[in-house]
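Here is a short report for someone meeting this structure for the first time. It takes the contact between the chains, then the sheets, then a few backbone details.

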Number of protein chains: 2
Amino acid sequence: MSVLMLTDIEIGLKNKFISLKARSGSHSPSVFQILNLFGRTDKFVDACFLSNPYATDLFFKYLESDLISNRSKLREKLEYYPSQNNEISSKLSKHLGVDKSRIFIGNGATEIIQAVLINFVNRVVVNIPTFSPYYEFINEPSSVVFYQMNQNEDFHLNIEEYLRFVNDSKADSIVLINPNNPDGSLINKADLRKIVERNKHLKTIIIDESFIHFSSDPGEKFDSFANESIEFSNVIIIKSISKDFGIAGVRAGYAIMSDSRVSMLTSNGYLWNSNGLAEYFFDLLSNDEFLREYEVVRNKYNILRTSFINSLRQIKGIRVYPSKANFVLIELTNGTSSLDFVIAMLNRFGIYLRVGNDKIGLNGEFIRIAIRDMTTNEFILKALGEIYDD
Amino acid sequence: MSVLMLTDIEIGLKNKFISLKARSGSHSPSVFQILNLFGRTDKFVDACFLSNPYATDLFFKYLESDLISNRSKLREKLEYYPSQNNEISSKLSKHLGVDKSRIFIGNGATEIIQAVLINFVNRVVVNIPTFSPYYEFINEPSSVVFYQMNQNEDFHLNIEEYLRFVNDSKADSIVLINPNNPDGSLINKADLRKIVERNKHLKTIIIDESFIHFSSDPGEKFDSFANESIEFSNVIIIKSISKDFGIAGVRAGYAIMSDSRVSMLTSNGYLWNSNGLAEYFFDLLSNDEFLREYEVVRNKYNILRTSFINSLRQIKGIRVYPSKANFVLIELTNGTSSLDFVIAMLNRFGIYLRVGNDKIGLNGEFIRIAIRDMTTNEFILKALGEIYDD
């Protein structure tokens with residue numbers, strides 16, 4: 001194919017989009033802002049939004065029968081104060097197989113990242129490309145050391161090189177997002193354990209497992225480090241539930257860390273940081289029927305992920321990075337600008353993709369595509385093919 | 001009346017209640033925990049919970065027609081990320097008449113208190129009795145200086161004495177909850193302005209107006225310091241919406257402070273700290289029809305408050321402290337223990353009152369009664385009368 005050219009209208013939209021992005025900092029503008037800019041209210045596909053839509057359906061099925069069909073219960077959740085942090089962690093304890101004293105509940109994983117970086121990190125190695133709050137939330141006198149993952153190795157962590165880097169960095173902390181955002185590369189458990197064992201002297205090892213539910217092949221269990229983490233007092237597991245359960249607007253997440261760290265956080269704040277619907281969600285994690293149904297939709301989604309990635313590999317002019325997450329990183333290798341590509345996909349098909357040009361550590365024309373439901377994935381593939389066949 | 005005596009069963013409940021309270025820190029156990037302990041699932045009255053129940057009704061009327069009757073809108077709120085902090089503050093700007101750069105959105109006022117104390121306070125004067133997070137969230141090397149308000153003056157702030165105390169305290173910050181929790185005393189605007197004018201040299205003056213909507217007499221407007229606060233770069237207005245709008249489970253609050261302080265907070269976190277229903281609520285504050293209806297229920301409730309306090313004054317053996325909030329502080333003056341009184345009210349009538357014995361600065365047998373709807377208030381008054389006529 002030839003290099004993609006934008007129309008004049010699209011160039012105008014591109015300039016407006018750039019200024020909207022600038023106002024949103026290093027994160028994507030909200031879907032509502034994008035809809036507004038492109039004047040799209042129907043047939044809009046948010047392929048920037050990372051979630052399992054089948055899990056969203058499942059949550060709404062339960063919400064409907066538990067709360068919407070029972071308005072007094074719904075009112076109870078929104079009228080009264082939710083339980084405090086340590087009460088909600090008791091509820092999660094059985095599901096996680098971790099003592100409640102080691103569980104910290106957050107208003108989304110972002111709040112936990114902020115709390116952990118402020119309280120337990122001084123100088124931290126962050127692997128790039130990464131999820132930007134891991135360096136943005138670091139304030140003086142704390143500092144960040146970037147470790148550039150190797151594009152030639154598909155951004156897969158080179159364990160020995162990384163261990164040497166950490167050793168030389170004089171850092172007291174490290175962050176591993178597993179699978180990593182935005183490339184989806186997975187560190188297997190043996191390697192992860194090796195990194196942790198070799199860094200027992202560090203103050204803090206953050207392992208962000210926000211995408212771990214997507215890391216298994218269809219039909220298999222996912223391999224969380226949560227239970228093993230309790231052997232190591234410096235390890236903190238951070239878990240968003242926005243992605244796997246597809247309910248970002250509920251704002252819920254949790255972390256597993258040493259009991260003294262949980263106490264330190266909850267004794268100085270974070271008392272009522274869950275809302276009523278987040279508490280309802282945490283209650284669902286004690287509901288065996290919900291968990292059984294969730295496992296079905298998790299598998300269903302992971303099958304689509306595998307098949308979507310296989311189809312992407314058929315399109316010429318794109319390099320597809322292997323992903324064990326619910327998104328896939330692609331690189332445009334035919335000279336097309338990634339921003340132009342995103343604008344054209346938005347204007348011509350109403351598909352919103354995450355452009356990678358603001359991600360430090362990503363040098364090239366990168367785009368991150370969120371994997372959605374089957375119909376949407378097919379629509380995205382068709383649109384990608386059409387633009388590339390122009 | 002004679003001193004209240006508990007039955008043996010009530011003594012057992014009292015011991016369980018004490019241990020539940022101990023596990024909950026300095027805050028009330030959740031209503032769900034209390035229900036469980038006393039085996040009450042019906043006719044339970046939470047007169048510990050501070051809200052305007054008519055405002056809760058109003059919120060649910062809007063929620064029903066805007067979101068529950070329109071499931072795709074509801075799903076949108078819970079599935080997608082809500083807008084970021086600075087987008088939601090744009091929405092509030094018109095309602096508050098304050099530039100959006102000065103508005104910080106919080107996941108409930110508690111999160112804001114935590115953020116403000118950690119970032120903008122070193123040594124703070126806190127007037128007692130108070131809302132405990134104002135001293136609990138202070139960590140070394142920051143410190144608290146307590147200013148004891150005078151019980152003989154109904155805990156009303158003695159302005160000149162307070163100004164001298166602040167001056168002598170070497171504090172760099174002060175906190176004024178107005179009206180104050182747990183006594184409901186109000187500092188009028190002229191006095192508040194005097195305090196602020198005389199303390200321009202301080203780093204931070206926190207004015208918590210979480211109860212200000214209740215401070216006006218029926219039919220009158222309430223007198224917030226929000227707009228005047230922008231004249232003073234050191235003033236921070238903190239506002240919960242849990243109380244006046246009766247939706248604690250939604251977790252929403254805001255603060256007004258200098259634009260540089262808002263930037264400092266939002267550039268290091270607090271990105272997605274609102275949930276989808278909190279954003280929906282903030283949108284309602286731009287809805288003139290909602291605000292008009294709210295003004296009606298705010299007045300309706302304030303009329304009940306005045307009448308409830310007048311009725312309480314008829315009961316002998318209790319001292320009633322004047323309140324301009326949605327609760328009233330009473331003192332048992334006939335030798336009855338406040339904890340025994342709370343247990344008896346729970347066991348005999350299913351009414352849960354806030355015992356004051358864990359509040360520093362409250363020395364005596366104090367109970368805080370939340371004012372509820374008309375029927376509930378009458379039930380509470382009848383129960384109080386019966387226990388006192390034993």
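Six salt bridges are counted between chain A and chain B. The model is predicted. In one of these salt bridges, the side chains of Glu64(A) and Arg71(B) meet, with 2.4 Å from N to O. Polar contacts also cross the interface of chain A and chain B: the rule finds 24 residue pairs, both residues at pLDDT 80 or more.

Which elements of chain A supply the side that touches chain B? Those giving two or more residues are helix H2 (31–37), helix H3 (53–68), helix H4 (71–79), helix H5 (85–96), helix H6 (109–120) and helix H12 (276–284) of chain A. H3(A) gives the most, with eight residues. By class, the side of chain A that touches chain B has 22 nonpolar, 23 polar and 15 charged residues.

How many residues are in contact? In chain A there are 60, and they touch 60 residues of chain B. The size of an interface is often given as the accessible area lost when the parts come together. Here chain A and chain B bury about 4,800 Å² between them. Carbon and sulfur atoms hold 55% of that area. In chain A, the residues that lose the most area to chain B are Leu78(A), Tyr81(A) and Trp272(A). Together they make up 14% of what that side buries.

**The sheet of chain A**

Chain A has an open sheet of seven strands, in the order S2-S8-S7-S6-S5-S3-S4, with mixed pairing. Its edge strands are strand S2 (103–106) and strand S4 (143–148) of chain A, and each pairs on one side only. On average, neighbouring strands of this sheet are turned by 20 degrees against each other, direction ignored. Strand S3 (residues 123–128) and strand S5 (residues 173–177) of chain A run parallel and are joined by three bridges. Val126(A) stands opposite Val175(A) in S5(A).

A helix packs on this sheet: H6(A). It touches S2, S5, strand S6 (204–208), strand S7 (235–240) and strand S8 (253–256) of chain A. The direction of H6(A) makes about 160 degrees with that of S7(A).

**The sheet of chain B**

In chain B, seven strands form an open sheet in the order S2-S8-S7-S6-S5-S3-S4, and the pairing is mixed. Strand S2 (103–106) and strand S4 (143–148) of chain B are its edges, each pairing on one side only. Strand S7 (residues 235–240) and strand S8 (residues 253–256) of chain B pair in the antiparallel sense over four bridges. Ile237(B) stands opposite Ile256(B) in S8(B). Helix H6 (residues 109–120) of chain B lies across S2, S5, strand S6 (204–208), S7 and S8 of chain B. It runs at about 160 degrees to S7(B).

**Backbone details**

| Cis peptide bond | Omega |
|---|---|
| Ile128(B) to Pro129(B) | about 0 degrees |
| Asn178(B) to Pro179(B) | near -5 degrees |

Pro129(B) is in the loop between strand S3 (123–128) and helix H7 (133–136) of chain B. Pro179(B) has its place in the loop between strand S5 (173–177) and helix H9 (189–197) of chain B.

Phe155(A) is not a glycine, yet has a positive phi of about 60 degrees. Phe155(A) lies in the loop between S4 and helix H8 (159–169) of chain A.

How values were computed:
Residues are numbered from 1 along each chain as its sequence is written. Chains are lettered from A and ligands numbered from 1 in the order in which they are written. This is a predicted model: local features need pLDDT of at least 70, side-chain atom pairs count only at pLDDT 80 or more; totals for chains, interfaces and linings use all residues. Side-chain values use heavy atoms; hydrogens and water are left out. Contact means heavy atoms within 4.5 Å. Buried area is the accessible area (1.4 Å probe) that two parts lose on being put together, summed over both. A salt bridge is a side-chain nitrogen of Lys or Arg within 4 Å of a carboxyl oxygen of Asp or Glu. A polar contact is a pair of N or O atoms within 3.5 Å; within protein, one must be able to donate a hydrogen and the other to accept it, and residues adjacent in sequence count only if both atoms are side-chain atoms. Ala, Val, Leu, Ile, Met, Phe, Trp, Tyr, Cys and Pro count as nonpolar, Asp, Glu, Lys and Arg as charged, and the others, Gly among them, as polar. Two strands pair if DSSP finds at least two bridges between them. Axes are lines fitted to C-alpha atoms, for helices over the stretch in contact, and angles run from 0 to 180 degrees between N-to-C directions.
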